[in-house]
Each structure stands twice: as structure tokens, then as C-alpha cells.
Amino acid sequence: MHQLEPIAALATAPGIGAIAVVRVSGDGAIDLTARLFRGKDLTQQPSHTAHFGTFRTAAGLLIDEVLVTVFRSPSSFTKEDVVEISCHGSEYIIRQILTELTQAGARLAKPGEFTQRAFLNGQFDLVQAEAVADVIAADSAASHRAALSQLRGGFSKQLKDLRQQLIDFVALVELELDFGEEDVEFAKRDQLRQLMQAIRAVVQPLIESFSAGNVIKNGVPTVIVGKPNAGKSTLLNALLNEEKAIVSDIPGTTRDVIEDELFIDGIRFRLIDTAGLRDTTDTIEAIGVERTRQQIEKAALVVYLFDGSTTTPDELQDMVAELNRSGKPYVLVGNKADATSDANRQALSDNQPVLWISAKDAQIDALKVALSAQARGNTAMQTGSAVVTNARHLQHLLATDEAIARALSALDAGTSADWLAMDLRVALRELGELTGEVTTDDLLDSIFSRFCIGK
């Protein structure tokens with residue numbers, strides 16, 4: 001295991017708190033910390049042990065009482081010697097400890113450098129390394145599950161196994177090129193076709209999962225639409241349990257898009273309140289209506305809210321037809337249920353399911369259940385199967401699929417081995433860059449620079 005120069009950084013969130021943890025990793029991490037620690041001799045302590053004592057300057061002046069945990073290589077996060085110093089969360093104390101560590105021979109870590117070292121030392125592949133940042137950033141149960149799945153290997157192990165098989169076949173195809181004049185076939189074409197089809201059978205569902213994965217990671221964009229005075233702003237306020245939007249009896253009050261977030265059953269919904277849909281001569285309101293239609297195009301889910309006491313069945317049917325043309329999943333919500341006659345409620349519900357609520361009285365539990373059911377109707381969310389949430393992963397998966405498709409076409413057309421080998425090499429490179437088996441310094445710097453300093 002390679003041990004690089006020691007690096008140090010604050011591993012907990014910056015700011016004043018009860019405790020803070022300063023992490024040191026690399027060759028000599030234990031020795032240099034031991035020179036500043038008063039307590040047991042850290043250089044003689046076994047891995048995964050914690051020791052109470054004091055942290056002092058090189059001149060022996062007391063900085064703080066601390067708890068130091070020792071992790072010896074290779075049994076640590078980075079697979080290097082690691083020391084974690086738990087101190088009081090004073091910004092002054094943290095600064096003093098880092099100053100003494102750097103003067104003793106460590107340098108301040110760059111963003112994501114601890115995780116980058118873990119990757120370079122073979123702790124996990126690049127997909128798993130990126131998942132570390134996603135686990136930290138997860139703010140819903142769904143995004144947490146997706147990040148943990150990738151951290152534990154997710155789809156990357158399966159892709160690495162298939163890539164290794166493809167490497168073996170490419171080697172045989174390359175060997176055929178060395179014997180080009182002898183018309184030999186080392187790579188059995190039927191077996192090669194089966195392997196490429198197996199790769200596509202894994203890659204294509206992952207590509208298709210990206211839209212769901214993006215929703216899981218960033219939330220379900222849910223737009224609330226309807227005519228003016230349907231109660232959209234009242235509904236938004238009821239869902240958020242706060243006065244987020246202005247409520248007025250004057251039609252057209254909401255002229256711009258209002259956004260906020262709501263968590264239902266561990267799923268994050270990005271709620272978007274919009275201007276009322278109607279023909280208008282008011283220039284400003286017309287801009288708001290156009291923005292509403294744009295939000296419908298971008299939404300993953302549409303909540304169409306209508307006033308049950310004033311809406312006619314024909315008006316509702318016209319809106320349903322427009323929603324169907326948009327191709328977006330939607331929920332029809334009849335508001336002001338208490339003011340809607342039984343006859344009108346029956347007429348409006350005859351041809352499609354309508355969810356009845358009273359936004360003014362915050363009687364919206366049924367709507368929350370419906371929103372959760374719509375989100376969980378997605379197979380990836382429902383089964384917990386592997387999903388792609390990272391745009392970089394999608395890019396490499398698409399390029400892999402395209403290269404394999406070209407190779408299959410070349411195989412069917414009986415194209416020469418050199419053209420076949422060219423597409424197979426592209427697939428190998430793309431799969432390798434996805435999992436980190438093929439990397440460049442620029443790629444790693446770009447990925448890990450997005451991490452927090454101490455991770």
C-alpha cells in the first residue's frame with residue numbers, strides 16, 4: 001500500500017459546535033501527531049483504539065483536551081495510517097491544531113483528497129468514491145438509499161466483471177489481427193455476440209433509470225396548475241404548513257413561479273406554484289401563464305387543481321385532454337369539496353378519478369398519499385434496483401451502448417476484425433473510465449474537487 005505525505009483537515013462541518021474532528025492521513029501521520037499529544041505513546045498503540053490526553057504546541061503549551069483515534073494501514077478509510085483528533089468545536093482550537101500539524105510536517109488537504117487517496121489505494125472504485133459525496137449530500141430517504149447502493153458496489157461490480165470478459169475477447173480479436181493473412185478466428189463470434197448482448201442488457205436499463213435517478217437525487221418537480229382562484233396558493237401553503245404564497249380573492253394574484261420543498265414518506269418533492277391558466281390581456285399575467293406552461297413541460301408530476309363548485313365537466317375534460325397531450329403524469333384535485341354539490345362532484349368524477357380536498361381547511365392528507373403513491377409507482381423507487389444518478393455515469397453508459405451497438409452491427413455484417421476491435425476498444429475505455437480502471441489526473445481532480453475539504 002502506497003503511503004503518501006501526511007495531509008490534515010477538519011473532517012466535521014466548519015463552525016462552532018460541541019466537538020470537531022481533525023483527520024490526518026499518510027506516511028508519518030501517527031508519528032507527527034504523537035509528538036504533539038500528551039497521553040499514551042501513540043506510536044505503540046494498536047489500530048482502532050482511542051486515547052484521551054492533551055494536544056499541545058511544539059513548545060509544550062496546552063491547546064485542548066482531546067480524544068485521539070488511531071487507524072493503522074491498511075485498516076483505515078484511506079488505507080494509509082490515519083489519526084482522528086476529536087477536540088472542542090472552537091474555531092480557534094481547530095485552527096491551532098491544524099497549524100501545529102502543518103508545522104510538524106503535514107500539509108492541508110485539498111477538497112476530496114482523503115477519498116481520492118482511498119480510491120487510488122484500491123479501497124473502492126470511482127463510482128463508489130463518488131457515492132461518498134452523494135451519501136453526505138443525501139437529504140431524503142430515497143436519495144440516501146440510492147447513494148448507499150452505489151457506495152456498496154451497486155452496478156459497478158457487475159460492469160467490471162463484464163468488462164473483464166470483454167477484455168479477454170478483445171485480446172483474442174487483436175490476436176487475429178496478428179495472423180491476418182492466415183484467416184484464423186480465435187474469438188468465437190457467437191460467444192462474443194452473447195457477451196455484447198449481456199453488456200447491453202445491463203447498460204440499457206441503467207441508462208433508462210437516469211430520469212428516475214435524477215428525480216431521486218434532486219427531488220420530484222411537482223407543478224401545481226389550475227385556473228385563477230382555484231386555490232393553488234392556498235394548497236401550497238397548506239402543504240408547506242406556512243404562508244409561503246400570497247392568497248387573495250383577486251384573480252391573477254400569482255404572476256410568477258414560487259418554489260419550495262416538501263418531504264413525504266422519505267421522498268423530496270419540489271413544489272412549484274404557478275400563475276393561473278387563462279387567456280388574458282394583461283401583459284405581466286400573460287408572461288406568468290407562459291411560464292406556467294413551461295413548468296408543465298419540465299415537471300415530473302402535475303397537480304391540476306380546480307374549483308369543484310364552479311368548474312363544469314366540459315371544462316375539466318378540455319384540461320384533461322391538454323394534460324394527456326403533455327404526456328406528464330398528473331393528479332386531478334377538486335378543491336372546495338365542502339362547497340361542491342353532490343351532483344356536480346359526481347358529474348366531474350364520471351370520466352376520470354378526482355381527488356377531493358379542502359385546501360382552506362388543510363384537509364389534504366389524501367393528496368399527500370396520492371403524491372407519494374405516484375412517486376413510488378416508479379419501478380426503481382419501488383424495488384430498490386440500481387439507478388444512475390450521476391450525469392458522468394450516464395455519459396459513459398451511453399457511449400458504451402453506442403460502441404457495443406456498432407460492434408454488433410459489424411459482427412452481423414461480417415466486417416473485418418480490425419473494425420470490430422476498434423468499437424470494442426471504445427466500449428472498454430468507456431467502461432473503464434466509468435469505474436475508474438482507466439483514469440486521467442484531470443478527471444480525478446474534477447471529480448474530487450467537488451467534495452468537502454475533510455472527506
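How many helices and strands make up the secondary structure of the protein? In this predicted model, the tally is 17 helices and 13 strands. The chain runs to 455 residues, and 48% of them count as buried. As for contacts with a separation of 6 or more, 65% come from residues 24 or more positions apart.

Helix α7 covers residues 189–208 and helix α15 covers residues 391–412; their axes come within 10 Å and cross at roughly 150 degrees. Angles over 145 degrees count as roughly antiparallel, so that is how α7 and α15 lie to each other. Their crossing is left-handed. On the α7 side, the residues that meet α15 include Leu 192, Met 196, Ile 199, Val 203 and Ile 207, along with Arg 189, Arg 193 and Arg 200. On the α15 side, Leu 394, Leu 398, Ile 404, Leu 408 and Asp 412 are among the residues that take part. Sorted by class, this contact has 14 nonpolar, three polar and five charged residues.

Turning to the strands, His 88 sits in β6, which spans residues 82–89. With a relative accessible area of 41%, His 88 is partly exposed. Ala 20 is 68 residues away from His 88 in sequence, yet their C-alpha atoms are 5.9 Å apart in space. Beyond its neighbours within four places in sequence, His 88 is in contact with Ala 18, Ile 19 and Ala 20, with Asp 64 and Glu 65, and with Ile 93 and Ile 94.

Methods
Residues are numbered from 1 along each chain as its sequence is written. This is a predicted model: local features need pLDDT of at least 70, side-chain atom pairs count only at pLDDT 80 or more; totals for chains, interfaces and linings use all residues. Side-chain values use heavy atoms; hydrogens and water are left out. Axes are lines fitted to C-alpha atoms, for helices over the stretch in contact, and angles run from 0 to 180 degrees between N-to-C directions. Helices (H or I, at least four residues) and strands (E, at least two) are DSSP runs, numbered from the N terminus. Angles under 35 degrees count as roughly parallel, over 145 as roughly antiparallel, 65 to 115 as roughly perpendicular and the rest as oblique. A crossing is left-handed if the near helix is turned anticlockwise from the far one by less than a right angle, and right-handed if clockwise. Contact means heavy atoms within 4.5 Å. Ala, Val, Leu, Ile, Met, Phe, Trp, Tyr, Cys and Pro count as nonpolar, Asp, Glu, Lys and Arg as charged, and the others, Gly among them, as polar. Buried means under 20% relative accessible area, exposed over 50%, partly exposed in between (1.4 Å probe, protein chains only).
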